[in-house]
Amino acid sequence: MGVRNRHVDRIREMASGSCRARWAFVIRSFAIALVAVMLPGLAWAHAAEQGFVLLMPTDIYIAAGAATVAASIALVGLVPVQTVVRVFRPFPLRAMQCPEQAATVVSLLSTLLFLALIWLGFNGPNDPLANLLPLTIWTLLWVVFVVLQAVFGDLWRWLNPWTGLYRVVSASRTPLFQLPQAARSWFAVVLLILLNLFALADLAPDDPERLAVVALAYWVITFLGMLLFGAQDWLARVEVFSVFFRLMARLSPFRFGARPAIGWPGWQALERPQTDPSRAVFCLVLLGSGSFDGLHETFWWLAQIGINPLEFPGRSAVIWPSTLGLLAGNIVLVAIFALAVAAGVALAYGQEQRERLGPAFTAFSVSILPIALGYHVAHYLPSFLVQIQYVGAALGDPFGRGWHLFGLGHGHVTTGFLNNAATVRVLWLTQAGAVLASHVISVLMAHHVAVHLAQGRSAVLRCQAGLAVLMIVYTIFGLWLLASPRGV
Amino acid sequence: MTNIGKKTSLLTRRRALQGLGAGVGAMAATGVLPGLSRFAHAQSSAPIKIGFQMHATGIGAAYGRWYDRTTKAAVERINGMGGINGRPVEIVTEDDGTDPKRGAEVLEKFANQHGCDVAFGTLFSHVVIGSAPRAGELKLPYFVVSEGHHVASGMLNRYTLQPGITDVKSQVQSMAPFVAANLGKKVTMIFPDFAFGHDHRDFFTEAVTAQGGEVVAQIAIPPTETSFTRYFPNIPRDTDVIYHVMVGPAVLTFVKELGEFFGPSRPEIFGFIDSLEAVAINSPGLEFLEGTYFWEGNPRHAQADQSSHDKMYRAAVGVDDLGASVSDSKDVSTYAHMFGCWETLNIIKAGMEASGYQGPADRSKLIEAVEAMSDMPMSDDHPQGPKRFNGKTHQTFGVQYISKVTDGKLVVAHTASIDDGLYEDEVDYTTQSF
């Protein structure tokens, strides 16, 4: 509470200060980070996708990336402690009033769209590349919308397909049951793991009919959950997309609603210290699952599970390795993160301060969010550039009848940019840039958390030491993933 | 009718056809819809449904995209010429995920859910091998375009046929005479150390020995390898020609390192284009390939003596003279393989017409009609070249192309004859009952 009040005070203080000076400060901070991110780019001469990537001196890039993150950590350590805290101070914006009915209408339209997509799943084209249901869920929602939330703020509050209908049928009713407090957001963690298992290990998650069954069942269960346990609780603690998207929205520079503001990416996530350990694990599972998604395609992973990477036998042959790998990957990440935090806490307070570990673990976990987003962008960028073309074609011909509505679908889908050294190089640089930028933001966020956890400059720096090592190692891991040959 | 991949609820489709039938029939008869009048004389106006098992996702997706494009172009042409037995052809696309189990599931959907007449498509051998038994159980004719030897080896069944593309054994064997006679007698083979590489090793060693050549070294590379320089000292100094069949993302590294190892003086080099399908041959880093030779199932670059059939085929699929998409010159096609879809669909058409195919009850007649096929001359139906189908082994044989990289272009240096690729029958599927 004390921290919260301090923050409110700072926002007020900032609102009354010189706006121009603060803007200059934010722009300068952006510029420093941008230069830090772009410097190793100068060394990336022959980057390219897959085969072309293997021709590059990737060891040098990985070293340069790790050096960048290390330099950003050193920079943060050198500047006055409060400098980073000031970076994350938001600027209030003029309040914009939007009637609640508008949100209801948008959500109702979203429900209609969702049901139309479900209909398409059952009755539309069988080809998942021509059916708008899998294209919408796996490309527009799972890949694109995550980024939109992180850039533009909480759009999901309006666009989710439940709240409008809920308000119409049940807004005034008191929920019949209450979710136990002890459950925190653990249901959402379990659902996130199940969702990733479906995407990674299921035999045909793209099959329109199969996906329609799963999506409709999930929609119904969620709506029933909202009716029985109340929309607010269910969406905040169980519904996995709402929990996920809201976390991503907290990375956005923008906040809308009653107290609109703009600030450095991540400022909203730092506004209040995270205290819910289940949320902390949720953040880590986001990164763990995303990382395993990349890892499970590499030659290295395939060799570990005894699969010839040049002769991938198909998903059906690796359902259990993928399932166990995803679970193990997340457990390992949580353990490594806990160790990193523990090391920092031990350095800052000595062994006797173990009771600080839990709160530190939970509070520091928000700094994982930008990395999870960076990996998300890097991992999905190539497939997004292909899939979005299919989305366009399917919008022009949603029923598979050879239509070209809105003038869409006339051209052929192309993957030429993945087979061309020049464009692949740009793509790889963008992917690596996303990974690096996310780590730099993460370093800044971790520092901000440390300032509020520890007293005194020395303790602030010591308590993030373990995380600093983890950030550097994870940068190396992330760039190695991008540079590794893949067999899936 | 190119109603590609639309779901087919039997009830709604029947209703729709009943409703549409009267109106469309009347319009067609009066010439209002001249395109549809082509189908007016068939006993049934219901479409022939061909289930297309597509690698839409999974490791085969790059091939699947071009197989899909070729398939759509072939069906458009067939329908433009009046369909099959006066009925329009409808492609029902399902994603096999490049997975054998999913492949079998998809065949079941074709037979039981979509009411398909036949199944068709798919390249990757493990999907074919995983699906074929189900095709046999469903009694669903399964026309594959996989170039694997599994069809002719006898491991599949009477319902599985490969009439539109040659198999690897034949391809490898037909390379040997040219290699031994023109590139050199002493061959060093470099191949990935698993079944695919072993097939090449065994088939080619036997074939080149029969031509008076000699394999002086067999260098097996572990599949997980991504750097190859340390293997090159094992290439004997007296090697005349290197035969390589590397696949996977490290192929470009292999080529680059081979170039660096040999410098300007190198032995002749022969490889299979499979490793560079969909990659422009003049990509940066591939300069070392200049002057080397490649097997090509179908010449990617239009040749000086290009046939009218190849010209027509390229235009129909939307591929330019360099084998790239007409809408993106960087989007290089899988030109060496995808003709198999085009030719297979034309064989299905010919088989259905020869057998008077009317519906699923005639499936065995269709298979017998295809089994009875033999020589197929080069034509618009067979733009890659002439074929000779072996009804006993369910495998087709055809000409093979060897191209030399000349000024960054693939120029055909030799066309291996059908006879070069023939081998003794290993099975007689016609003895199996339906």
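The model is predicted. Chain A has a mean pLDDT of 87, and 53 residues of chain B are in contact with 45 residues of chain A. Chain B is assigned domain 1 and domain 2.

**Confidence in chain A**
- In chain A, 89% of the residues reach a pLDDT of 70 or more.
- Residues 1-48 of chain A have a pLDDT below 50. Beyond near neighbours in sequence, this stretch has 55 contacts in the model.

**Domains of chain B**
- Domain 1 of chain B is made of 10-166 + 337-398, and domain 2 of 169-296 + 400-421.
- The centres of domain 1 and domain 2 of chain B, taken over C-alpha atoms, are 34 Å apart.
- Eight residues of domain 1 of chain B are in contact with eight residues of domain 2 of chain B. On the domain 1 side, these residues are three nonpolar, four polar and one charged.

- The side of chain B that touches chain A draws two or more residues from each of helix H3 (61-80), strand S2 (89-95), helix H4 (100-113), helix H8 (251-262) and strand S12 (328-332) of chain B.
- By class, this side of chain B has 21 nonpolar, 19 polar and 13 charged residues.

**A sheet in chain B and the helices across it**
- Strands of a sheet pair through backbone hydrogen bonds, either parallel or antiparallel.
- In chain B, five strands form an open sheet with parallel pairing, in the order S2-S1-S3-S4-S5.
- Its edge strands are S2 and S5 (160-161) of chain B, each of which pairs on one side only.
- Strand S4 (residues 142-144) of chain B pairs with S5(B) over two bridges. Phe143(B) has Leu161(B) of S5(B) as its bridge partner.
- H3(B) lies across S1 (48-54), S2 and S3 (118-121) of chain B, and runs at about 165 degrees to S2(B).
- Helix H10 (residues 335-355) of chain B lies across S1, S3 and S4 of chain B, and runs at about 160 degrees to S3(B).

**A helix pair in chain A**
- Two packed helices are described by the angle between their axes and the distance between the axes.
- The axes of helix H18 (residues 369-396) and helix H19 (residues 421-453) of chain A come within 7 Å and cross at roughly 175 degrees. Angles over 145 degrees count as roughly antiparallel, so H18(A) and H19(A) are roughly antiparallel to each other.
- Residues making this contact include Leu373(A), Val377(A) and Leu381(A) of H18(A), and Ala434(A), Ile441(A) and Met445(A) of H19(A).
- By class, the contact of H18(A) with H19(A) has 14 nonpolar, six polar and no charged residues.

Notes:
Residues are numbered from 1 along each chain as its sequence is written. Chains are lettered from A and ligands numbered from 1 in the order in which they are written. This is a predicted model: local features need pLDDT of at least 70, side-chain atom pairs count only at pLDDT 80 or more; totals for chains, interfaces and linings use all residues. Domain bounds come from an automatic or database domain assignment. Two residues are in contact if their C-beta atoms, placed from the backbone, lie within 7 Å. Ala, Val, Leu, Ile, Met, Phe, Trp, Tyr, Cys and Pro count as nonpolar, Asp, Glu, Lys and Arg as charged, and the others, Gly among them, as polar. Helices (H or I, at least four residues) and strands (E, at least two) are DSSP runs, numbered from the N terminus. Axes are lines fitted to C-alpha atoms, for helices over the stretch in contact, and angles run from 0 to 180 degrees between N-to-C directions. Angles under 35 degrees count as roughly parallel, over 145 as roughly antiparallel, 65 to 115 as roughly perpendicular and the rest as oblique. pLDDT is the predictor's confidence in each residue, from 0 to 100. Two strands pair if DSSP finds at least two bridges between them.
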